[in-house]
Structure formats: C-alpha cells, structure tokens
Amino acid sequence: YLMRALQKGGDYATTYADLGEALARMGRVEESAQLLEKGATVWPFSRDIQKSLVLRYLTLKQIPQAHDALRRYVALFPQDTFMQGALAKVEGRNP
C-alpha cells in the first residue's frame, strides 16, 4: 500500500518513514536506506526520516554516511540531546 501511495503521488513524510521502516523489517535494509535518502531530499525537516536514515546507515555499516547523516540530524534538531550525545561519541568527544 505504501509503495503504491508513493507511485500515485502520496509522497508525504510519513509515507517515506513508514515504508522505510517496513522495508527494513522485511530485511530490505539497503532499499530502505535508498528510499529514506529520497525522502530526506523531499522532506529535509522530517525528524523521523532523518533519524531512520542514520539507523539504516549504521545497520549497513556505512559509517561515513551515518556520521554525515548524524551531523545533519543534529544540525536540524539540536534539541535532541540523545543524538547530540551519539554524535559526540562518534567524533570521540565527551558527551
């Protein structure tokens, strides 16, 4: 249903986030990351899409991409202290 929704123009942030999660749960993590990349382009201020993208990159062990996505997330959502701490750990700083 979610894939059809995107194909028919229902490209809402929640559609990208939900489909990305569904694909990941089905073991299609790389496809999920690709979809979330597109979603992040269309909806750059979607917290759910940005956070899910960080998690997909980590799952795929794409550390440079995860680091970039985490930096972007923290820049967009500085109030998220958990992700600030995660970024500090990745960069070798004290959280």
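Proline 78 sits in the loop between H5 and H6. I start there, in a model that is predicted. Is proline 78 buried or exposed, or something in between? At a relative accessibility of 44%, proline 78 counts as partly exposed, because the partly exposed class runs between the buried limit of 20% and the exposed limit of 50%.

Which residues does glutamine 79 touch, once residues up to four places away in sequence are set aside? They are Arg47 and Gln84. From glutamine 79 to leucine 2 there are 77 residues in sequence, and 30 Å in space from C-alpha to C-alpha.

Now the whole chain. The protein chain has six helices and zero strands. Read from the N terminus on, the order of elements is α-α-α-α-α-α. The radius of gyration of the protein chain is 14 Å, close to the 12 Å that the globule rule gives for 95 residues, so the chain is as compact as a globular protein of that length. Along the principal axes, the C-alpha atoms fill a box of roughly 45 × 25 × 15 Å.

Some totals for the chain. Of its 95 residues, 38% count as buried. The chain exposes about 6000 Å², and carbon and sulfur atoms supply 55% of that area. On charge, there are 13 positive and 10 negative side chains, and the centres of the two sets lie 2 Å apart. On contacts, take those between residues at least 6 apart in sequence: 35% of them join residues at least 24 apart.

How many residues are in the largest nonpolar core? The count is 21, and the residues with the most contacts inside this core are Leu35, Ile49, Leu70, Val74 and Met83. Two or more residues of the core come from each of these elements: helix H2 (13-25), helix H3 (29-42), helix H4 (47-59), helix H5 (63-76) and helix H6 (81-90).

Leucine 35 lies in helix H3. Leucine 35 is buried, because its relative accessible area is 14% and the limit for buried is under 20%. What is leucine 35 in contact with, leaving aside neighbours within four places in sequence? The contacts are Leu6, Tyr16, Leu19, Gly20 and Leu23. Leucine 53 is 18 residues from leucine 35 along the chain, with 9.1 Å between the two C-alpha atoms.

The other one is valine 74. Not counting residues up to four places away in sequence, valine 74 touches Met83, Gln84 and Leu87. Gln84 has already come up, as a residue that glutamine 79 touches.

Two more places to look at. Lysine 61 is in the loop between H4 and H5. Lysine 61 has a relative accessible area of 67% and is exposed.

Last, the segment after H6, where glutamate 91 lies. Glutamate 91 counts as partly exposed, at 33% relative accessibility. Setting aside neighbours within four places in sequence, glutamate 91 is in contact with His67 and Arg71. Arginine 28 is 63 residues from glutamate 91 along the chain, and their C-alpha atoms are separated by 29 Å.

Methods. Residues are numbered from 1 along each chain as its sequence is written. This is a predicted model: local features need pLDDT of at least 70, side-chain atom pairs count only at pLDDT 80 or more; totals for chains, interfaces and linings use all residues. Side-chain values use heavy atoms; hydrogens and water are left out. Helices (H or I, at least four residues) and strands (E, at least two) are DSSP runs, numbered from the N terminus. The radius of gyration is taken over C-alpha atoms; the globule rule is 2.2 Å times the number of residues to the power 0.38. Buried means under 20% relative accessible area, exposed over 50%, partly exposed in between (1.4 Å probe, protein chains only). Contact means heavy atoms within 4.5 Å. Accessible areas come from the Shrake-Rupley method with a 1.4 Å probe; for residues, only the protein chains shown count as cover. Lys and Arg count as positive and Asp and Glu as negative; His and the chain ends are not counted. The place of a charge is taken as NZ of Lys, CZ of Arg, CG of Asp or CD of Glu. A nonpolar core is a set of buried Ala, Val, Leu, Ile, Met, Phe, Trp, Tyr and Cys residues joined through side-chain atoms within 4.5 Å.
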